[in-house]
Amino acid sequence: MRKYAVIVAGGEGRRAGGDLPKQFRKLLGIPLLWWSVRAFHREDPATEISIVIHPGFFYDWDLLYAGLPEEDRRIPVRIVCGGATRFHSVTNGVMEITASEDAMVAVHDAARPMVFPELIARGWETCRLDAAAVPAVPVTDSLRRLDSDGSVAVPRSEFVAVQTPQVFRADILKRACAQQERDDAPFTDDASAVEALGIKVSLFEGDPRNIKVTRPFDFDIAALLLEES
């Protein structure tokens, strides 16, 4: 099956600080989003990679891309125009893919630069078997559920934390995007949209290092993890 990666970098990412959205900021001298491109290309150079970028930042991206090392600029990527929401950005990236039943699509948040080839490979393999696959890691913190009376403790063994890349057969994800657009449903991730079609989503082993860079100090953590790896 053909492999496609849609790296979602369409947000403004202001909580991480700085003048540019976090996905464009340098991490160990490389734009944060490009670490994900490297990982997908390293796992399989035949994977076709799209980067979804907010149209207001195309010029900034052109400048950053021109500063990449020469070997990085040899990795073929397609730039796709982002939408008003994450859902619209994902839809724009997915609808650019012409293949359908003979293809898989991995949707990955650019804010997770510590995605490694081993994790990506597990996602492809699970999707081959089950058509829809999501990485997850155990919850290590104690959890409480908020209610009208305050909060109540819940057993963390019943929960997992979901990551990206979320991997789907291309025709299924296209159908989920089309339905979500018609219904204007408030899904928070791609797996929820696929489940709304009545399709079971399988979990595969995530990676605790695959954190989402959100706040300024997350850049320091990400740099340490990448240096160690």
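# Loops, a helix and a cis bond

Colleague: To start us off, in which loop is Ala-131 found?
Modeller: Helices here (H or I, at least four residues) and strands (E, at least two) are DSSP runs, numbered from the N terminus. With that numbering, Ala-131 is found in the loop between α5 and β7.

Colleague: Before we go on, which pLDDT do local features need?
Modeller: Residues are numbered from 1 along each chain as its sequence is written, and side-chain values use heavy atoms, with hydrogens and water left out. This is a predicted model: totals for chains, interfaces and linings use all residues, side-chain atom pairs count only at pLDDT 80 or more, and local features need pLDDT of at least 70.

Colleague: Back to Ala-131, then: is it buried or exposed?
Modeller: Buried means under 20% relative accessible area, exposed over 50%, and partly exposed in between (1.4 Å probe, protein chains only). Phi of Ala-131 is near 80 degrees, a positive value in a residue other than glycine. Its relative accessible area is 13%, so Ala-131 is buried.

Colleague: Moving to α1, why does it count as largely enclosed by the rest of the structure?
Modeller: The residues to look at are Leu-32, Leu-33, Trp-34, Trp-35, Ser-36, Val-37, Arg-38, Ala-39 and Phe-40, which are the buried ones of α1. The helix is largely enclosed because the number of its residues that are buried is 9 of the 12.

Colleague: At what angle do α1 and α5 pack?
Modeller: On the α1 side the contact is made by Ala-39, Phe-40, Arg-42 and Glu-43, and on the α5 side by Pro-117, Ile-120, Ala-121 and Trp-124. Axes are lines fitted to C-alpha atoms, for helices over the stretch in contact, and angles run from 0 to 180 degrees between N-to-C directions. The axes of α1 (residues 32-43) and α5 (residues 117-130) are 9 Å apart, and the helices pack at an angle of about 60 degrees.

Colleague: Now for Val-152: which residues does it touch, not counting those up to four places away in sequence?
Modeller: Val-152 is part of strand β9 (residues 150-154). With a relative accessible area of 31%, Val-152 is partly exposed. The residues that Val-152 touches, with that exclusion, are Leu-143, Arg-144, Arg-145 and Asp-147.

Colleague: And how far apart in space are Val-152 and Ala-170, C-alpha to C-alpha?
Modeller: In sequence, Val-152 and Ala-170 are 18 residues apart. In space, their C-alpha to C-alpha distance is 40 Å.

Colleague: One last thing for my backbone checks: which residues does the cis peptide bond with omega of about 15 degrees join?
Modeller: Look in the loop between β10 and β11 (166-169), where Pro-165 is found. The cis bond there involves Pro-165, and the two residues joined are Thr-164 and Pro-165.

Technical notes
Contact means heavy atoms within 4.5 Å.
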